[in-house]
Amino acid sequence: MPLRSSAQKYGSVAIAIHWLTALAIVLMLASGLNAANMPDGAQKLGLLRFHAITGMLVGVLTLLRILWWLVFDKHPGNPPGMPAPQLWAARLVHLGLYVVILVMVSSGFATVILTGANLQLFGNAPLPLPDFSLAPPFTVHGIIARLLIALLVVHIGAALWHQFVRGDRLLARMGLGR
Ligand code: HEM
């Protein structure tokens, strides 16, 4: 499969970044929501270490993806016969996903640094963990996480609608099926 996208299909770099990011975000939502409901202790610290390191990966993948589109690749054309309002809605959701992911990563790091938890996550400072809810960026982190979930529901719902209701095999453009 070619590295760059064609007029009909995404290329292998865009497909690899898309599915790696999707997997990492599912893990981020699960680990973040779990950690928030855990009592303080070594297990929570371990989960938050995983959350922070995977979050870094999500940030790097998203910046790489933006660079890839701006410099090296061009998006495939729109699926044929789509009305303009639906094309605008798709563009808006895709842009929203980029922005929301970058806000999640930066508000996560800001929370950790402002509370001093970076010394526990990336060093050997002793427990207990700080009260994250005292850091203003954590309020942003919690609200934007819900917005991210809403955008993902619309994004996945639209992909399934294309595939199974409209029958235009949109998933094959992103490497799923033929
Ligand atoms: C795409 C990226 C990310 C997603 C989807 C995500 C998701 C979440 C979610 C859903 C929560 C629970 C929020 C709540 O209960 O209101 C959470 C908590 C948290 N996140 Fe993230 N996060 C991301 C990136 C990061 C990064 C990069 C860091 C730090 C390096 C981070 C640090 C934290 C911390 C410290 C908590 C608090 C856990 C607790 O309350 O004990 N997050 N995250």
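This is a predicted model: local features need pLDDT of at least 70, side-chain atom pairs count only at pLDDT 80 or more; totals for chains, interfaces and linings use all residues.

Entry 1. H3 has 32 residues and reaches 46 Å from its first C-alpha to its last, close to the 46 Å expected at 1.5 Å a residue. I then looked at what comes after the helix: H3 is followed by Gly116, whose phi is positive, near 80 degrees.

Entry 2. Which residues of H3 are buried? I noted Ile101, Met104, Val105, Ser107, Gly108, Thr111 and Val112. A reminder to myself: an α-helix has 3.6 residues a turn, so residues three or four places apart point the same way. For the partners, I found that the buried residues of H3 pack against helix H2 (42-72), helix H4 (118-121) and helix H5 (136-166).

Entry 3. Next I looked up the largest nonpolar core, and it has 6 residues: Ile25, Met28, Val58, Ile101, Met104 and Val105. Helix H1 (12-36) and H3 each supply at least two residues of this core. The largest share, 3 residues, comes from H3. In soluble globular proteins, nonpolar side chains tend to be buried together.

Entry 4. Then I stepped back to the whole protein chain. The C-alpha trace spans about 60 × 30 × 25 Å along its principal axes. Of the 178 residues, 12% count as buried.

Entry 5. Last, the contacts. Among those between residues at least 6 apart in sequence, 67% join residues at least 24 apart.

Technical notes
Residues are numbered from 1 along each chain as its sequence is written. Helices (H or I, at least four residues) and strands (E, at least two) are DSSP runs, numbered from the N terminus. The expected span of a helix is 1.5 Å times one less than its number of residues. A residue is buried if 20 or more other C-beta atoms lie within 10 Å of its own, exposed if 12 or fewer, and partly exposed in between; C-beta atoms are placed from the backbone. Two residues are in contact if their C-beta atoms, placed from the backbone, lie within 7 Å. A nonpolar core is a set of buried Ala, Val, Leu, Ile, Met, Phe, Trp, Tyr and Cys residues joined through C-beta atoms within 7 Å.
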